[in-house]
Amino acid sequence: MEARKIVLPGEVVCERKGRKLGRGVYEVEEKILTKFLGVLKESEDEVDVIPLAGVYLPKIGDKVIGIIKGVEVSGWSVDINSPYTAFLPIGEGVEEYVDVGRVDLSRFYDVGDVIFCRVSNVTKSKMVQVSMKYLYTKKLLGGTIVKIFPSKVPRLIGKGGSMIDIIKKKTGTQIIPGENGLVWIKGENVSKVIEVISLIERESHIIGLTEKIGKMLGE
Amino acid sequence: MENIADKYLKGLIEGGRRSDGRKLDEFREIEVKVGVMKNAEGSALVKIGDTKVIAGIKMEIVEPFKDTPEEGVLKVNAEFSPLASPEFEIGPPSEDAIELARVVDRGIRESRAIELERLCLEPKLRVWGVFIDIDILNHCGNLLDASALASIAALLNTKIPKLENGEIVRGKFEKALQVAFKPITITVCKVGNNFLLDPSYEEEEIVETKLSFGIRDDDKICAIQKYGSKELEFSDIEAALDLAVVKSKELRKLLG
Amino acid sequence: MRKIEVELGVVTRANGSALVKFGDTVALAAVYGPAELHPAHLREYQTGILRCRYSLAPFSVEERKVPGFDRRSVELSKVIRVAIEPAIFLEEFPKAVVDVFVEILQADGSTRVTAINATNLALISAGIPMRDFVVACSVGKIDNCLVVDLNGIEDNFSQADINFAFMPNRNKITLFQGDGQLTKNEIKELISLAKKSCEKIYEVEKGVLSGKYSRQIS
């Protein structure tokens with residue numbers, strides 16, 4: 001199977017030619033250099049390197065899985081598998097009006113609860129806010145969570161959701177991948193799904209992986 | 001974090017000027033006083049501008065190191081006492097204090113200013129230990145150059161105590177400690193594309209990279225240390241070295 | 001130069017790790033983070049911080065080394081940190097910390113540069129954003145000859161030695177530390193020798209990294 005090209009920090013990968021720079025590259029005198037050990041992604045309008053390792057650093061719009069780690073005065077602190085703890089303010093977590101003087105916030109989310117939320121704000125000094133006010137956001141009940149490299153999540157989802165759809169269909173299991181590397185799984189075939197996910201993680205830079213997984217699950 | 005005061009200083013230096021009117025390669029006024037502590041075998045107080053450093057030498061009889069059974073022992077220690085600056089904290093020597101002491105140590109040791117083999121009393125058993133203790137009294141920048149200068153000045157002022165029945169008699173002396181060379185340490189600071197000598201405390205805040213050279217009377221380089229979290233160009237090294245060698249001659253004159 | 005051996009990912013609990021051998025000198029580096037920094041008052045609001053801790057295992061040297069943090073380790077920890085810092089995009093993770101622990105398991109000269117090479121490889125495997133590699137080696141003068149990669153005996157008998165690290169693509173120096181008696185010309189010659197040697201080490205390290213990850217693919 002054909003592999004994508006592996007690049008290393010400091011490597012000059014191409015000329016900029018007016019293109020947009022992704023997070024994985026930087027520019028020195030019109031030349032584009034790599035920041036990470038990763039795979040080069042070069043197109044007509046953008047150059048980026050997808051890292052093969054590293055922790056999750058939040059950015060606005062990310063759909064992440066969070067675990068409530070504290071109930072505070074005006075909201076909840078949320079572990080998002082990152083160096084930065086996120087905050088879910090009451091207004092972003094609950095639709096109704098809450099009188100904080102009377103209501104115990106743990107009624108809505110308690111320590112250990114799992115949520116699928118959206119990163120709604122990240123300040124320059126990395127104050128991270130998450131929100132539950134989107135159509136897809138929800139509290140996740142039961143199931144289990146596995147950790148994968150955040151950089152491998154797009155591979156798990158596949159183009160237009162192709163990969164994850166196959167897995168869901170063939171295993172009849174609910175899977176919600178967070179862009180922060182936490183994947184929530186619930187259903188009959190959890191162990192099979194975990195097996196597939198770890199295969200994807202190991203072989204994420206192979207071209208034609210979706211077909212391979214499809215075959216594996218089809219057997 | 002860069003504040004407006006730092007930006008101002010940087011702007012000045014880019015224009016070749018400094019806030020106290022000095023040229024970029026000019027030291028503040030230096031004063032060297034020796035024999036300032038009566039209980040030490042040798043001592044020196046060095047002032048560079050408002051920076052004040054005292055170095056005291058104590059000579060003791062010690063066991064030699066196992067790998068050098070016929071050599072005296074040289075030890076350099078630096079104390080950044082909290083009395084000298086709000087940045088200095090109570091507790092064991094900080095990383096910076098230890099680094100400073102070790103760089104001063106190498107400047108003296110590697111220059112062979114003190115011939116340690118002459119300080120052996122009984123091989124494997126008893127040798128002279130030369131203890132250099134550096135005490136910062138006021139931290140207004142350029143502690144390393146001041147500490148190194150105080151140390152060599154104190155060594156030049158050191159007398160070996162008299163021995164009677166193998167014991168030290170304090171206050172009586174055999175002879176002066178032989179000092180073969182006068183190594184001088186010069187730290188060259190890089191700010192933008194300019195080199196700066198003898199930074200003040202405020203200037204040190206904006207220095208990103210420093211190179212220190214321990215330089216002997218014959219211009220041989222005995223110790224080199226790069227400081228700071230920024231990188232250097234290859235061409236920086238030669239330029240910094242040339243500047244340091246010239247300056248070392250000036251400072252050496254102060255030792256008489 | 002002595003034989004260089006590299007093994008990646010030996011500390012599986014770490015975000016990245018590397019075991020590097022230069023002849024009989026063996027250094028193991030592990031990288032944790034970026035992680036939340038505690039206590040909070042140590043946090044820097046505009047940049048992440050790098051912490052390094054270099055240590056010698058008690059059994060790594062002939063005479064047992066008393067365990068713990070001695071003055072040499074304190075200085076070398078700092079020297080290694082400032083040799084690595086210029087290469088890291090610390091500003092990308094404000095308030096957070098990257099911890100590097102590097103231990104010399106067996107010492108036969110050139111331990112700090114071996115430690116820097118191990119640290120660099122561990123950081124890259126940990127996915128820390130970096131401007132470039134930091135490649136290090138030692139050079140010195142023995143019997144008036146210039147030599148590279150000093151072992152323990154050479155270190156003891158050398159007239160002078162320089163520890164050197166640089167970023168091979170950016171062509172910038174990040175470590176420059178020397179002892180002994182050298183003329184200006186000798187320093188110049190040693191720098192160019194060190195640079196050439198680092199370029200060779202760089203090729204070896206690149207080979208190991210891309211080898212490991214390409215193997216993962218096929």
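Predicted model: local features only at pLDDT ≥ 70, side-chain atom pairs only at ≥ 80, totals over all residues.
Biologist: Why is strand E8 (residues 160-167) of chain C described as largely enclosed?

Modeller: Buried means under 20% relative accessible area. The strand is largely enclosed by the rest of the structure because of its count of buried residues, which is 8 of the 8.

Biologist: How many bridges join E8(C) to strand E9 (residues 172-182) of chain C?

Modeller: E8(C) also pairs with strand E6 (residues 135-142) of chain C, in the antiparallel sense, over 7 bridges. There, C:Val135 has C:Phe166 as its bridge partner. With E9(C), C:Ala160 stands opposite C:Gly180. E8(C) and E9(C) run antiparallel, and the number of bridges joining them is 8.

Biologist: Which residue takes a positive phi in the hairpin of E8(C) and E9(C)?

Modeller: This hairpin has 4 residues between the strands. The phi in question is near 55 degrees, and the residue is C:Asn171.

Biologist: In chain A, which helix packs on the open sheet of E14, E16 and E15?

Modeller: The sheet has 3 strands in the order E14-E16-E15, with antiparallel pairing. Its edge strands are E14 (144-147) and E15 (173-177) of chain A. The helix touches E14, E15 and E16 of chain A, and its direction makes about 150 degrees with that of E16(A). It spans residues 190-202 and is helix H4.

Biologist: Which chains have the most contacts between them?

Modeller: No contact joins chain A and chain B, whose closest C-alpha atoms lie 13 Å apart. Among the 2 pairs of chains that touch, the most contacts are between chains B and C.

Notes: Residues numbered from 1 in each chain as written. Chains lettered and ligands numbered in written order. Heavy atoms only, no water. Contact = heavy atoms within 4.5 Å. Pairing = 2+ DSSP bridges. Helix = DSSP H or I, 4+ residues; strand = E, 2+ residues; numbered from the N terminus. Axes fitted to C-alpha atoms, helices over the stretch in contact; angles between N-to-C directions. Buried < 20%, exposed > 50% of the residue type's maximum accessible area, 1.4 Å probe, protein only.
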